[in-house]
Amino acid sequence: GALAGYACAMLRTPIPWMLGPLFSIAFLRVAGARIEAPPPARYAGQWIIGTSLGLYFTSAVMREVAGLWYLLAAGAAFAIVLGYVSGIALARLAGLDRTTGIFASVPGGAAEMATLGERFGGRVDRIAAAQSLRILIVVAVVPGAITALGIHGADPYVPGATAFDVGGFAVLMGATLAGSLVFQTFAVPNAFVLGSLALAIPLTALDVYLSSMPQVVSNAGQLLLGCALGSRFQPDFLRGAHRFVGAVTMTVLLSIALSTVFGAGLAWIAGQNPATLVLGNAPGGIAEMCITAKVLQLGVPLVTAFHVTRVVVLLLATPAVFERARR
C-alpha cells in the first residue's frame, strides 16, 4: 500500500496516499492474495483524518457554516431521494428485491446500511458489497474528474493552527483519541471520524491552537484508510456476479451524475463554489470525500459539514422513511 501510494504521489494523481493503497490492495485481494489490513488500521486512519479536518473549523468558519444550514438540510434531503432513485434502479438492473437495492444504494456507512437492511429483510452480502464498490467508484471518479477539470485551491480555507508543536500535538491527538473511543463505546457510526471532529472542532472554534497536523501524519492516515478499504474486497468478488457488479457500477455513476447536477444547481442558487458543493453532495464516504476536499483545497469545512449532516440524518431517518415508503 505504501509503495503504491508513493508511486501515485510521484505520478501526481489525486489523493495518492489513499487511491494507491486502495486499488493495489483491492487488486491483490481479488487476485487471491491472502493479505488484509488489521481492524485498527481503519480506525487509526479515521482518527487522523477526523482530527486534521477539525483544525479547519475556526470561529470565523463556524459562523460561515452555521449561516448555510439550509444548504446542509437540502443536501441531506437530496441524499435520501438519491438513495431511493438509485436503489430502485439497482433492484431492477440486478434482479434484486427493492429492500436490498435501496439499502445497498443509500449513501451512508457500509456497516450501518448493511445492519439496517438486514433488519428489514435485505441481503446483507449484496448490501455490503454494493456499498464497498460504491465508495471505490466514487473515490476513483470524483477526485480524478475534478483534477482533470483543473479545479484546485478555489476556496482559501486554511487550518487554524499553522505551527507544529510536539507537546501540543500529543495533547491534541490524545484528546481526539479519547473522543473517538467514547463514541466507539456508545456504538456511534463512524465513531473515529465523528469522535475526533467532536473534540477538534470545539478546540479550534475556541481558538485553542495546540499544533498543526504534519503532512506525513496526514498521509499516513490516508494510507491506513486506503488499505482498510481495499481489504474489504474478497477473491470471489467478481466471480459469478457480473450482472450485479455491472448494475452497481451503472447506478453509482447515475448517482454521481445526479449529485453533480444537484450540487452545481445548489451552488448557483446560493452563490457558492460549484466544485465544493458537488464534493459535499457526492455519494462517497465521509472520510474519503473530506480528505479529497483537503488535498484539493476545496472548502474543507463546508464539505465536512455536508457529509457529517448527511450521515447523521441518514442514520436517524432511513428506518422511519423506509418503513413509511414500504407501506
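This is a predicted model: local features need pLDDT of at least 70, side-chain atom pairs count only at pLDDT 80 or more; totals for chains, interfaces and linings use all residues.

Q: Where is arginine 12 found?
A: Arginine 12 is found in the loop between helix H1 (2–10) and helix H2 (16–30), and its phi is positive, at about 60°, although arginine 12 is not a glycine.

Q: What about alanine 187, where is its place and what is its phi?
A: The place of alanine 187 is in the loop between helix H9 (166–185) and helix H10 (191–205), and its phi is near 55°, which is a positive value in a residue other than glycine.

Q: And is alanine 187 buried or exposed?
A: Alanine 187 is exposed, since its relative accessible area is 62%.

Q: Changing topic to serine 211, which loop is that in, and is serine 211 buried or exposed?
A: Serine 211 lies in the loop between H10 and H11, and with a relative accessible area of 1% it is buried.

Q: What is serine 211 in contact with?
A: Leaving aside neighbours within four places in sequence, serine 211 is in contact with Leu55, Ala161, Ala163, Phe164, Asp165, Gly168, Phe169 and Leu172. With aspartate 165 there is a polar pair, in which a polar atom of the serine 211 side chain lies 3.1 Å from the backbone nitrogen of aspartate 165.

Q: On to helix packing: at what angle do H11 and H14 pack?
A: Helix H11 (residues 215–230) and helix H14 (residues 286–296) pack at an angle of about 145°, and their axes are 12 Å apart. The crossing in which H11 passes H14 is left-handed.

Q: Which residues make that contact?
A: From H11 the contact is made by Ser218, Gln222, Leu225 and Leu229, and from H14 by Ala287, Glu288, Ile291, Lys294 and Val295. Sorted by class, the contact of H11 with H14 has 5 nonpolar, 2 polar and 2 charged residues.

Q: Now H12, what should its residues span, and what do the end C-alpha atoms give?
A: Helix H12 (residues 242–270) has 29 residues, which at 1.5 Å a residue should span 42 Å, and because its end C-alpha atoms are 42 Å apart, the two values agree.

Q: Which residues of H12 are buried, and what covers them?
A: In H12 the buried residues are Phe244, Val245, Ala247, Val248, Thr251, Val252, Ser255, Ile256, Ser259, Gly263, Leu266 and Ala267. What covers them includes helix H5 (69–94), helix H8 (124–148), helix H13 (274–281) and helix H15 (300–326).

Q: What follows H12?
A: H12 is followed by glycine 271, whose phi is positive and near 70°.

Q: How many residues does H8 have, and what comes just after it?
A: H8 has 25 residues and reaches 36 Å from its first C-alpha to its last, close to the 36 Å expected at 1.5 Å a residue. Just after H8 comes glycine 150, which takes a positive phi of about 75°.

Q: Staying in H8, is proline 143 buried or exposed?
A: Proline 143, which lies in helix H8, is buried, as its relative accessible area is 0%.

Q: What is proline 143 in contact with?
A: Once neighbours within four places in sequence are left aside, proline 143 is in contact with Pro14, Ile15, Val138, Thr292 and Leu296. Proline 143 and leucine 19 are 9.8 Å apart in space, C-alpha to C-alpha, and 124 residues apart in sequence.

Q: Last topic, helix H5: is tyrosine 84 buried or exposed, and what does tyrosine 84 touch?
A: Tyrosine 84, found in helix H5, counts as buried because its relative accessibility of 16% falls under the 20% cut-off. Not counting residues up to four places away in sequence, tyrosine 84 touches Ile102, Val321, Phe322 and Ala325.

Q: And arginine 92, buried or exposed?
A: Arginine 92, whose place is also in helix H5, is exposed, with a relative accessible area of 63%. Arginine 92 touches Arg98 and Arg243, again not counting residues up to four places away in sequence.

Definitions and conventions
Residues are numbered from 1 along each chain as its sequence is written. Side-chain values use heavy atoms; hydrogens and water are left out. Axes are lines fitted to C-alpha atoms, for helices over the stretch in contact, and angles run from 0 to 180 degrees between N-to-C directions. Helices (H or I, at least four residues) and strands (E, at least two) are DSSP runs, numbered from the N terminus. A crossing is left-handed if the near helix is turned anticlockwise from the far one by less than a right angle, and right-handed if clockwise. Contact means heavy atoms within 4.5 Å. Ala, Val, Leu, Ile, Met, Phe, Trp, Tyr, Cys and Pro count as nonpolar, Asp, Glu, Lys and Arg as charged, and the others, Gly among them, as polar. The expected span of a helix is 1.5 Å times one less than its number of residues. Buried means under 20% relative accessible area, exposed over 50%, partly exposed in between (1.4 Å probe, protein chains only). A polar contact is a pair of N or O atoms within 3.5 Å; within protein, one must be able to donate a hydrogen and the other to accept it, and residues adjacent in sequence count only if both atoms are side-chain atoms.
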